[in-house]
Amino acid sequence: MKILEKAKENMLLRENILSEYACKSQDAILLTEDKEDIRPIFFRDIDRIIHSLGYTRYIDKTQVYSFTKNDHITHRVLHVQLVSKIARTIGRSLRLNEDLIEAIALGHDIGHSPFGHKGEKYLNDICIKENIGYFYHNAQSVRVLKELEKLNISLQTLDGILAHNGEILINEYKYDKDKTEQDFITDLQSTFIKEDYSRKIIPMTLEASVVRLSDVIAYIGRDIEDSIKIGTIRREDVPQSITKVLGDNNSKIVDTLIKDIITNSFGKPYLTFSDEVFNALMELKDWNYKNIYASDEANKNQNIVEKLFYKLYYCYLNKVQNWDLESNNLSQSEKNLFNFVEQKDDDTDIKRAIIDYIAGQTDQYFLKECVEHVRDIDIEQLYK
């Protein structure tokens with residue numbers, strides 16, 4: 001037993017050199033009481049996240065391109081790993097808690113729907129139409145870990161996941177060290193019922209701010225490389241006003257952004273870029289939206305996919321509202337659906353559970369369900 005106690009002490013040795021702005025393991029808050037082991041709580045959060053069912057399903061979820069047969073195109077599973085590595089590099093340089101950073105990074109997109117941000121929009125539109133609130137993947141990520149899989153992840157990790165928003169760029173990433181558990185709960189509940197509320201959320205740790213900006217650093221150049229691979233853009237298309245500051249490939253862009261954020265944030269209770277780099281990053285983000293995310297290839301077959309989201313949702317809803325549990329003719333797919341929503345009695349809860357069920361699906365499982373239930377889809381045709 002003394003050896004295990006020593007091992008537990010060893011796990012915490014690295015925290016002796018952490019910055020005054022770091023969140024230490026001793027400050028971790030669990031929303032539900034849990035037994036202790038040799039792992040610090042944030043370190044244990046990492047383990048619970050990577051062993052979760054939601055993490056397993058990252059493997060086949062769209063990052064940008066959905067119907068491109070290319071094994072070297074980024075999927076969601078790689079994106080979260082890139083975010084983690086970038087965030088840990090920044091965090092270690094600034095003497096922040098790498099365990100907390102890694103937990104937030106690996107869990108931040110776990111609530112993402114099939115077909116990326118477009119799938120997120122379709123589910124949000126359905127929620128609005130059904131009058132059951134809103135769907136945002138950051139809040140859904142917390143919902144998956146906290147409510148659906150009940151993993152008892154720490155408050156700081158959940159708060160960092162909720163507060164991440166890679167679509168928003170600011171040049172001063174702050175945190176609120178006085179933020180409470182009740183403040184977090186209010187933020188979480190408000191994100192489901194107030195449009196764009198997540199844009200207002202300020203995290204309770206500087207580690208969460210590191211992950212938030214690392215999300216941008218991870219995708220901004222990588223999406224360029226993916227787009228060049230499949231012919232959406234050419235490298236020389238990126239304006240020189242951007243490349244002369246940030247570089248002309250992902251490696252240079254990531255290197256420039258990481259070094260700039262470290263240089264300008266060292267010893268400060270917030271994170272910031274230099275004006276020159278921030279302005280170039282803003283220009284690149286706008287350029288990517290116009291030339292990559294709005295491109296025909298990135299939106300390939302989305303008119304079909306959008307209709308499938310609606311059709312599958314209402315097909316599920318009809319089955320659940322009219323199910324016959326005594327029937328011997330239920331398919332395995334129908335049994336899976338019914339098992340997922342069987343504890344829901346209230347109509348709003350049933351509808352939200354169906355949203356949860358679709359959001360948790362991989363791209364391929366979603367299409368497989370459409371083949372079985374919607375039946376007017378040729379999957380192979382979508383890839384041509």
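Trainee: Let's start with Phe115: is Phe115 buried or exposed?
Mentor: Keep in mind that we're looking at a predicted model, where local features need pLDDT of at least 70, side-chain atom pairs count only at pLDDT 80 or more, and totals for chains, interfaces and linings use all residues. Residues are numbered from 1 along each chain as its sequence is written, and side-chain values use heavy atoms, with hydrogens and water left out. Buried means under 20% relative accessible area, exposed means over 50%, and partly exposed is in between, using a 1.4 Å probe and protein chains only. Phe115 has a relative accessibility of 2%, so Phe115 counts as buried.

Trainee: And where does Phe115 sit, with its positive phi?
Mentor: Most residues other than glycine have a negative phi. Phe115 isn't a glycine, yet its phi is positive, near 65°. Helices here are DSSP runs of H or I with at least four residues, strands are runs of E with at least two, and both are numbered from the N terminus. On that numbering, Phe115 is in the loop between α5 and α6.

Trainee: Asn131 has a positive phi too, so to speak; is Asn131 buried or exposed?
Mentor: Asn131 has a phi of about 60° although it is not a glycine, and its place is the loop between α6 and α7 (137-148). At 68% relative accessibility, Asn131 counts as exposed.

Trainee: Which helices do the buried residues of α4 pack against?
Mentor: The buried residues of α4 include Arg76, Val80, Ile86 and Ile90. Contact means heavy atoms within 4.5 Å. The buried residues of α4 pack against α3 (53-56), α5 (98-107), α6 (116-129), α10 and α13 (250-265).

Trainee: How many residues of α10 are buried?
Mentor: Helix α10 runs over residues 206-220, and its 15 residues should span 21 Å at 1.5 Å a residue; the end C-alpha atoms are 22 Å apart, which agrees. The helix is mostly covered, and the number of its 15 residues that are buried is 15.

Trainee: Which residues line the largest cavity?
Mentor: A cavity is a set of points, on a 1 Å grid over the protein atoms alone, where a 1.4 Å probe fits but cannot get out, and lining residues have an atom within 4 Å of a point. Grid points are joined across faces, edges and corners, and a volume is the space filled by probe spheres set on the points. The structure holds one cavity of 30 Å³ or more, with a volume of about 30 Å³. Its lining is Ile224, Val238, Ile242, Thr243, Gly247, Asp248, Ile253 and Leu284.

Trainee: How many of those lining residues are nonpolar?
Mentor: Ala, Val, Leu, Ile, Met, Phe, Trp, Tyr, Cys and Pro count as nonpolar, Asp, Glu, Lys and Arg as charged, and the others, Gly among them, as polar. In this lining, two residues are polar and one is charged, while the nonpolar ones number five.

Trainee: How many disulfides are there?
Mentor: A disulfide is a covalent bond between the sulfur atoms of two cysteines. Here the rule is a pair of cysteine sulfur atoms within 2.5 Å. By this rule the count is zero.

Trainee: What is the nearest cysteine sulfur to Cys127?
Mentor: Cys127 is buried, at 0% relative accessibility. Cys127 is in no disulfide, and the nearest cysteine sulfur is 17 Å away, in Cys370.

Note on methods
The expected span of a helix is 1.5 Å times one less than its number of residues. On a 1 Å grid over the protein atoms alone, a cavity is a set of points where a 1.4 Å probe fits but cannot get out, and a pocket is an open set with protein on both sides within 12 Å along at least five of seven lines; lining residues have an atom within 4 Å of a point.
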